[in-house]
Amino acid sequence: SAAFAQQAPAAAAPAAPAVTHGQPVAGVCVLSVQGAIAGSAVGKHVDTRMQQLIGQVNAELNGERTAIENESKTLDSQKATLDRTTLERRAADLQVRVNGLQRKAQQREREIQVTEQKAVGRIGQEMEPVIRQVYQQRGCSLLVNREAVVIANPAMDITPNVVAGLNAQITQFA
């Protein structure tokens, strides 16, 4: 499943040409919520913990998958020597195990997704007052989602300030 798949490393993108920015727009601030989460200590802690959980799930599922594959190979090698009734019964038993493994994998994927959603939700709760505080400190009148902007003057980006505030507030949780 997608949650458990190893992602291939991205190809190195060519360096973008330097951009000359105009003057920052007074009162307009930009924030990357995803960048703030990823750059914060608590976001990195959650990412590390999620990778550990995914590793545990993969170990659990791969152990069962290997046992099923080995049994399938054994059954294939015994086709010629087993009577039809025994072969069909063992094949049906094997299919039951395969179906059970598929259900377990789907359940674990849902559990991982829910765990991640709860963790990101908790970070969001912790980050909200920090965002408000930085917004007011910087005198923002409008806060724009960085992910919705193609290019913005870095002087308008409050993400680093939010990361610093979040790091001062929380670095990890259970």
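The second largest pocket of this predicted model has a volume of about 180 Å³. A pocket is an open set of points on a 1 Å grid over the protein atoms alone, with protein on both sides within 12 Å along at least five of seven lines, and lining residues have an atom within 4 Å of a point. The volume is the space filled by probe spheres set on the points, which are joined across faces, edges and corners. The pocket is lined by H45, V46, R49, M50, L53, T115, K118, A119, F173 and A174. Two or more residues of this lining come from each of α2 (41-77) and α3, and α2 gives the most, with 5 residues. Helices are DSSP runs (H or I, at least four residues), numbered from the N terminus. The lining comprises 6 nonpolar, 2 polar and 2 charged residues; Ala, Val, Leu, Ile, Met, Phe, Trp, Tyr, Cys and Pro count as nonpolar, Asp, Glu, Lys and Arg as charged, and the others, Gly among them, as polar.

The axes of α2 and α3 come within 10 Å and cross at roughly 180°. Axes are lines fitted to C-alpha atoms, for helices over the stretch in contact, and angles run from 0 to 180 degrees between N-to-C directions. The two helices are therefore roughly antiparallel (over 145 degrees). Their contact (heavy atoms within 4.5 Å) involves 19 nonpolar, 4 polar and 9 charged residues.

Helix α3 (residues 84-137) also approaches helix α4 (residues 159-169), with axes within 9 Å and a crossing of roughly 125°. This angle makes α3 oblique to α4. I123, E126, M127, V130, I131 and V134 of α3 meet N161, V162, G165, L166 and Q169 of α4.

Residues are numbered from 1 along each chain as its sequence is written. In this predicted model, local features need pLDDT of at least 70, side-chain atom pairs count only at pLDDT 80 or more, and totals for chains, interfaces and linings use all residues, while side-chain values use heavy atoms, with hydrogens and water left out.

Key:
Angles under 35 degrees count as roughly parallel, over 145 as roughly antiparallel, 65 to 115 as roughly perpendicular and the rest as oblique. On a 1 Å grid over the protein atoms alone, a cavity is a set of points where a 1.4 Å probe fits but cannot get out, and a pocket is an open set with protein on both sides within 12 Å along at least five of seven lines; lining residues have an atom within 4 Å of a point.
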